[in-house]
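Student: I have a structure open and want to learn how to read it. Can we go through the features one by one?

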Amino acid sequence: MELGSEYNLSLTDLTVKENNIFRYLSGYQNVYYFDSGRSALKDVVKGFAEDDEVLLPEFICESVTNCFEGATIKFYKLHQDFTIDFEDLKSKCSSCTKIIFLMHYFGALQPKEDLQKLKQLASDRNVVIIEDTTHSIFSKTSTVGDYMVCSIRKWLPIPKGGVLYYNTNKFYLNAPTYVQSKDNERSYGMVLKDLSFTRNLDVNSVYREIFAQCEERLDQQKDIYMLSDFSRFIASCVDIGQLQYLRKRNYGLLAQRLLHERFTPVMQIHAEETPLVYLLRVRERNILRAYLMDYNIYSAVHWPFDGIQAESRRFAAQNAEELISLPIDQRYDEAHINYLADVLAGYGR
């Protein structure tokens, strides 16, 4: 049994579902599908000038920071539960601030009170809110953002995928006219991974090498592309309601199994929210991660610290050393979750 890491893809199971991602976001006036979340974000901020200022949360992936090349970046603080330190944010919002970047974490939405204060601040200062819904799109499509960007590859078994959606066009963006991505190589690895499960083929090293090469190529990519037809088709084959149900069920099952163990989730996920992962904070994180790998459980870490403005981002540095996320996504049934819980229960014993 294997849990975590990249999605596998069974070509025989692909049938178009009515309640797919395209219908889920159909209520927005402008919805554009890109090859990645970072391409979607680059399209929004491509007109940024060097004297323009953006406020980013201190805990953020380097791929987001890199999209604001040339801009002046300020980081605002977060509390230990990933909620916004609003007073710190407010103190750093100046006359040069053009964008406040809002992030929800791991499926949990920022508190409504903070969101309302943020909305009022942005209105008073004439600042645009870019809302990153990569972790929260299936909890709520948006809260107070003017533009929403999301990497849908975190949720769906597609080789590439991101989306930009909004109603009011404050930046006067033109509809994107970039060429479609032709890079579907990650899907080769996804199919091989599925064959390793279903046909017992010894191709683990092959698909892992494909995944590594694809990730490296994405990190080096400068151009912006639209979503490929193949990724669009696969995305249309995922029922969003079923995805939400299974993730909530698996999260609840794992939480119940770990109730009397040492593994308490870092944050509370409410019943109406769809979890991305089961997030833990562990002092000796890498030891636990290696232990899980011995049992074919592959957990992610969030995120390697880029070192930018390190003195004012100690929370980000701490998270890079201590956070680990356990897979609870729609691939798994009760047997998988029980296996994960059993392995965790044996840690250190």
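Student: What percentage of the 349 residues in the protein is buried?

Tutor: One caution before the answer: this is a predicted model. Buried means under 20% relative accessible area. In this protein, 55% of the 349 residues are buried.

Student: What radius of gyration would a compact globule with 349 residues have, and what does the protein have?

Tutor: The globule rule takes the number of residues to the power 0.38, times 2.2 Å. For 349 residues that gives a value near 20 Å. The protein has 20 Å, so the two agree. Along the principal axes, the C-alpha atoms fill a box of roughly 60 × 45 × 35 Å.

Student: Now single residues. Is Ser 325 buried or exposed?

Tutor: Ser 325 has a relative accessible area of 3%, so it is buried. It is found in strand β11, residues 323-326.

Student: Which side chain does the side chain of Ser 325 make a polar contact with?

Tutor: A polar contact pairs N or O atoms within 3.5 Å. Here the partner is the side chain of His 302, at 2.8 Å. Setting aside neighbours within four places in sequence, Ser 325 is in contact with residues including Val 277, Tyr 278 and Leu 279. Ser 299 is also among its contacts.

Student: Where does Ser 299 lie?

Tutor: Ser 299 lies in the loop between β10 and α11 (314-322). At 6% relative accessibility, Ser 299 counts as buried. With neighbours within four places again left out, its contacts are Arg 289, Leu 292, Ile 324, Ser 325 and Leu 326.

Student: Where is Pro 327 found?

Tutor: Pro 327 is in the loop between β11 and α12 (334-345). Its relative accessibility is 8%, so Pro 327 counts as buried. Beyond its neighbours within four places in sequence, Pro 327 is in contact with residues including Leu 3, Gly 4 and Tyr 298. Ile 337 and Leu 340 are also among them.

Student: How far apart are Pro 327 and Tyr 251 in sequence and in space?

Tutor: They are 76 residues apart in sequence. In space, C-alpha to C-alpha, the separation is 9.0 Å.

Student: Where do Tyr 172 and Asn 296 lie?

Tutor: Tyr 172 is in the loop between β8 (162-166) and α6 (185-198). Asn 296 is in the loop between α10 (285-294) and β10 (297-298).

Student: What relative accessibility do Tyr 172 and Asn 296 have?

Tutor: The cut-off for exposed is over 50%. Tyr 172 has 71%, so it counts as exposed. Asn 296 has a relative accessible area of 34%, so it is partly exposed.

Definitions and conventions: Residues numbered from 1 in each chain as written. Predicted model: local features only at pLDDT ≥ 70, side-chain atom pairs only at ≥ 80, totals over all residues. Heavy atoms only, no water. Helix = DSSP H or I, 4+ residues; strand = E, 2+ residues; numbered from the N terminus. Buried < 20%, exposed > 50% of the residue type's maximum accessible area, 1.4 Å probe, protein only. Polar contact = N/O pair within 3.5 Å; in protein donor to acceptor, adjacent residues only side chain to side chain. Contact = heavy atoms within 4.5 Å.
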